[in-house]
Amino acid sequence: MSVVINTNYSATVASNNLASSNAMLQRSLNRLSSGSKIVTPSDDAGGLAVSMKLSAAAKRQGAVSSNIGNSVSYLQTQDGALKVTGKVLDRMSELKTLYADPTKNSSDLANYDSEFTALQSQLTSLVAEKFNGVTLFGSASLTVAVTEDGSTTSAVSLAGRDLAGTSAGIGALTSSSVTSLGSSGLTLSAITSAIQNVATMRAQNGAEQSRLGFAGELLTTNKANLEAANSRIIDVDVAQESTQLARWNTLVQAGTAMLAQANGSAQTALRLIS
């Protein structure tokens with residue numbers, strides 16, 4: 001092999017190897033310090049694209065879960081109003097029965113009418129109840145998305161409950177024509193029908209709460225699975241990467257030592273010409 005001064009092939013090779021080992025060492029350091037397997041897009045371009053989509057889907061799952069929680073709160077508030085309505089109707093039916101007592105004088109009946117009128121006002125107030133500005137009772141329904149893609153086919157519809165309605169609500173008791181317990185339009189049958197209507201509304205409300213509860217449980221499971229899938233793509237395996245770090249660290253130290261040896265090999269030429 002020729003002895004030359006201008007070109008040191010061994011030093012060049014050692015330098016290239018050292019640069020490569022140092023680059024890999026820096027990548028391991030970046031991965032371990034960030035906890036991410038993909039520090040730059042060049043590390044895994046395809047994996048980064050998939051990870052971004054999975055991460056966005058998981059965040060949407062969380063947002064939908066929050067929306068479902070708000071809808072459940074809406075239904076719980078609605079049921080609370082219906083529960084109070086039922087109690088008011090119970091008292092009205094009791095007053096109607098007491099009002100039919102033939103031993104009551106006109107003053108007694110007027111006292112019963114006074115309470116009945118107050119209860120009518122309370123029913124009117126309950127019908128107008130709202131949740132965060134959204135009317136609790138009416139004919140319009142609400143649609144709640146329960147999937148992160150906003151699919152309408154699996155959305156839950158919260159049926160409108162026309163509490164003020166005459167046939168399906170309590171409108172027969174709050175009508176302007178009903179001014180007292182003795183009004184011709186106010187019968188015990190009308191009160192019991194109103195109680196049945198409220199009971200049906202509460203049953204429907206409970207069914208909707210039950211469905212939303214299961215939908216929320218599914219969202220929680222799906223979100224956890226999406227995060228696990230994303231973790232397999234983006235998160236660094238610390239045990240594996242720390243092993244690589246030790247390897248590249250050793251190679252960098254060895255490469256540095258060998259580069260120093262290669263740089264000193266040109267000294268052989270000096271001995272020949274001295």
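# Helix pairs in a predicted model

Me: How close do the axes of helix 2 and helix 3 come, and at what angle do they cross?
Reply: The axes of helix 2 and helix 3 (residues 106-127) come within 10 Å and cross at roughly 160°. Helices here are DSSP runs (H or I, at least four residues), strands are E runs of at least two, and both are numbered from the N terminus. Axes are lines fitted to C-alpha atoms, for helices over the stretch in contact, with angles from 0 to 180 degrees between N-to-C directions.

Me: What kind of model and numbering is this?
Reply: It is a predicted model, where local features need pLDDT of at least 70 and side-chain atom pairs count only at pLDDT 80 or more, while totals for chains, interfaces and linings use all residues. Residues are numbered from 1 along each chain as its sequence is written, and side-chain values use heavy atoms, leaving out hydrogens and water.

Me: Back to helix 2 and helix 3. Are they roughly parallel or antiparallel?
Reply: Roughly antiparallel, given their angle. Under 35 degrees counts as roughly parallel, over 145 as roughly antiparallel, 65 to 115 as roughly perpendicular, and the rest as oblique. The crossing of helix 2 and helix 3 is left-handed, meaning that the near helix is turned anticlockwise from the far one by less than a right angle; clockwise would be right-handed.

Me: And how does helix 2 meet helix 5?
Reply: The axes of helix 2 (residues 45-99) and helix 5 (residues 188-234) come within 7 Å, crossing at roughly 165°. That makes helix 2 and helix 5 roughly antiparallel too. Their contact has 24 nonpolar, 18 polar and 8 charged residues. Nonpolar covers Ala, Val, Leu, Ile, Met, Phe, Trp, Tyr, Cys and Pro; charged covers Asp, Glu, Lys and Arg; the others, Gly among them, are polar.

Me: What about helix 1 and helix 6?
Reply: Helix 1 (residues 9-34) and helix 6 (residues 238-264) have axes that come within 8 Å and cross at roughly 155°. Their contact holds 15 nonpolar, 11 polar and 2 charged residues.

Me: New topic. How many aromatic pairs are there?
Reply: There is 1 aromatic pair. Tyr74 and Phe131 have ring centres 5.9 Å apart and planes at 85°, so the pair is edge-to-face. The rule takes rings of Phe, Tyr and Trp (its six-membered ring) with centres within 6.5 Å; planes under 30 degrees apart are stacked, over 60 edge-to-face, and the rest tilted.

Me: Which parts does the pair tie together?
Reply: Tyr74 lies in helix 2 and Phe131 in strand 1 (residues 130-131), so the pair links parts 57 residues apart in sequence.

Me: What are the domains, and how far apart are their centres?
Reply: Domain 1 is 9-34 + 237-272 and domain 2 is 64-234, with bounds from an automatic or database assignment. Their centres, taken over C-alpha atoms, are 74 Å apart.
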